[in-house]
Amino acid sequence: MIRKRFKDPSLQLSDIAAELTVSKRYLSQAFRQRGTTVHKQLMAFRLKRASVMLSEEHCRHFSVEEIAKRSGFKQVSHFSRLFKEEFGITPSEKRNQSVFY
């Protein structure tokens, strides 16, 4: 479900629970038992996808802002802050690490 709808910036717990036909409480507890939350998993998936896009040659023409939006983030500043917290470098630094021929 997260993989399917991660690009939707308004995606939230209630949407995921409704689509899976479970309660929000049940879904939250299921993630909590695995030591995480729905929100953390969603953000991790979005950040991983953005990291891949920053490294892919066919995405080279996209700006960092466009990659953030295509990964489900509303604001590039929020994306950049979370990206640096997760990977220790900025999205631009990640892009510059990739070698394109």
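The structure is a predicted model, in which local features require pLDDT of at least 70 and side-chain atom pairs count only at pLDDT 80 or more, whereas totals for chains, interfaces and linings use all residues. Residues are numbered from 1 along each chain as its sequence is written, and side-chain values use heavy atoms, with hydrogens and water left out.

The protein chain contains 7 helices and 0 strands, helices (H or I, at least four residues) and strands (E, at least two) being DSSP runs numbered from the N terminus. The order of elements from the N terminus is α-α-α-α-α-α-α. Along the principal axes, the C-alpha atoms occupy a box of roughly 50 × 20 × 20 Å. Of the 101 residues in the chain, 34% are buried; buried denotes under 20% relative accessible area, exposed over 50%, and partly exposed the range in between (1.4 Å probe, protein chains only). Contacts are defined by heavy atoms within 4.5 Å. Among contacts between residues at least 6 apart in sequence, 54% link residues at least 24 apart.

In soluble globular proteins, nonpolar side chains tend to be buried together. The largest nonpolar core here comprises 24 residues, and Phe73 and Phe79 have the most contacts inside it. Such a core is a set of buried Ala, Val, Leu, Ile, Met, Phe, Trp, Tyr and Cys residues joined through side-chain atoms within 4.5 Å. Two or more residues are given to this core by each of helix H2 (13–20), helix H3 (24–33), helix H4 (38–55), helix H5 (64–70) and helix H6 (76–87). The greatest contribution, 7 residues, comes from H4. When neighbours within four places in sequence are left aside, Phe79 is in contact with Leu47, Ala50, Val64, Ala68, Phe73 and Pro91.

Helix H4 has 18 residues and spans 26 Å from its first C-alpha to its last, close to the 26 Å expected at 1.5 Å a residue; the expected span is 1.5 Å times one less than the number of residues. Its buried residues are Val38, Leu42, Met43, Arg46, Leu47, Ala50, Ser51, Met53 and Leu54. The cover over these buried residues includes helix H1 (2–5), H2, H3, H5, H6 and helix H7 (91–97).

H4 packs against H6 at an angle of about 90°, with the axes 10 Å apart. Axes are lines fitted to C-alpha atoms, for helices over the stretch in contact, and angles run from 0 to 180 degrees between N-to-C directions. H4 is therefore roughly perpendicular to H6, a class that covers 65 to 115 degrees, with angles under 35 counted as roughly parallel, over 145 as roughly antiparallel and the rest as oblique. Met43, Leu47, Lys48, Ala50, Ser51 and Leu54 of H4 meet Phe79, Leu82, Phe83, Glu86 and Phe87 of H6.

H2 and H3 pack at about 100°, with their axes 9 Å apart, and are therefore roughly perpendicular to each other. This contact joins Leu13, Ser14, Ile16, Ala17 and Leu20 in H2 to Lys24, Leu27 and Ser28 in H3.

Thr36 is placed in the loop between H3 and H4 and counts as buried because its relative accessibility is 15%. Beyond its neighbours within four places in sequence, Thr36 is in contact with Phe31 and Gln41. Glu66, in helix H5, is partly exposed, with a relative accessible area of 29%.
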